[in-house]
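Please look over the sequence and the structure below. The report that follows takes up a few parts of the model in turn.

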Amino acid sequence: MNIENLSSNKSFAGWHKQYSHHSQVLNCAMRFAIYLPPQAANGQKVPVLYWLSGLTCTDENFMQKAGAHRVAAELGIAIVASDTSPRGDDVADDEGNDLGQGAGFYVNATQAPWSCHYQMYDYVVNELPQLIESTFPVNEQRAIAGHSMGGHGALVVALRNPQRYSSVSAFSPISNPMNCPWGKKAFAAYLGGDAQSWRDYDASVLMREATQLVPALVDQGEADGFMIEQLQPERLEAAATANAYPLQLRRHEGYDHSYYFIASFIEEHLRFHADNFNK
C-alpha cells in the first residue's frame with residue numbers, strides 16, 4: 001500500500017509524522033499521524049497505542065494538544081492517531097457536527113448513502129493496523145484509547161476484539177450510545193432503525209456481556225457539560241459491576257470535556273498501557 005509523507009517533526013528525540021494513503025475499506029484518501037519514539041530509530045520494534053478522537057476532530061487534535069510525546073518517548077510506545085471519518089467531495093456529509101464527516105462513530109455503516117464510505121470499524125480494527133505493522137518498526141502489541149466519540153470507539157473495538165489489545169482506556173466516552181441523543185442520531189443514520197443492530201456498537205451492552213476481559217481505564221470530568229445527557233458513565237460502571245469486568249472508572253472534580261482534561265491525565269493512561277504491555 002502506497003503512503004505519502006505529509007509532514008515530519010522531531011519531538012522528544014522521536015518523530016511525529018503525518019501520512020496520507022488510499023483506503024480500500026473507506027474508498028477514499030485517508031490521513032493518519034504516528035509518533036515514533038526514539039527506541040524505534042534504534043532498530044527496536046515498539047508497541048502501539050491507537051488513539052481515536054472525538055466529534056469534529058482529525059488526526060491532529062491529540063498529537064498537538066495532549067502532550068503525550070514526552071511519556072511515549074520515555075516508555076518506548078508508538079502512538080497512531082487516525083482521522084475520525086472518511087472525507088472528500090464525494091463522501092456523504094451532514095450539516096450537523098454529530099453526523100457525517102468528522103463524526104464516523106467508528107461503525108460499519110449499512111445504510112445509504114453512508115455505507116459507500118463509512119466503514120470506520122473495519123478501518124480501525126484491520127486496515128490501519130495492517131498498514132502500520134507492515135510499514136513502521138512496531139511489533140504486534142496493541143492498545144487502544146480515545147476521547148468522547150473516540151472513547152466509545154476504543155471501548156467497542158477492544159470489547160469486540162479482546163485478543164487484539166492488551167488494554168483500553170478512554171476519556172469522557174459516550175458510554176451508552178443507544179440511549180443518548182448523539183448515538184441515536186448517528187446509529188439511526190448509519191445502521192438503520194432496528195435498534196438490535198446498534199447493540200454491536202454500544203460499550204455498556206458489550207461490557208455487560210463480555211466473556212474475555214481487556215483491562216480498562218476510564219476518566220470522566222465532573223464539570224463536563226455533556227456528562228449527564230450524552231456520556232452517562234454510570235451506565236458503563238453498572239455494566240462492569242454486573243459482569244465483574246476489570247474497569248477502573250475515575251471521576252475528577254472540576255475537569256471538563258476539553259484537551260486540558262486529557263493533557264492532565266494522559267501520562268497515567270500511557271503508563272497504564274505500558275504496564276499491560278509488559279504483562
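Predicted model: local features only at pLDDT ≥ 70, side-chain atom pairs only at ≥ 80, totals over all residues.

## Strand pairing

Residues are numbered from 1 along each chain as its sequence is written, and side-chain values use heavy atoms, with hydrogens and water left out.

Strand β4 (residues 46-52) pairs in the parallel sense with strand β5 (residues 78-82) over 4 bridges, where Val48 has Ala78 as its bridge partner. β4 also pairs in the parallel sense with strand β6 (residues 138-147), over 6 bridges, and there Leu49 is partnered by Ala143. Of the 7 residues of β4, 7 are buried, meaning under 20% relative accessible area, with exposed over 50% and partly exposed in between (1.4 Å probe, protein chains only).

## Helix α4

Helix α4 (residues 149-160) is mostly covered, with 11 of its 12 residues buried, among them His152 and Leu155.

## Cysteines

A search of the whole structure finds 0 disulfides, a disulfide being a pair of cysteine sulfur atoms within 2.5 Å. The sulfur of Cys28 lies 9.0 Å from the closest cysteine sulfur, in Cys116, which is too far for a bond, and Cys28 counts as buried because its relative accessibility is 6%. For Cys57, the closest cysteine sulfur is that of Cys180, 17 Å away and too far for a bond.

Conventions. Helix = DSSP H or I, 4+ residues; strand = E, 2+ residues; numbered from the N terminus. Pairing = 2+ DSSP bridges.
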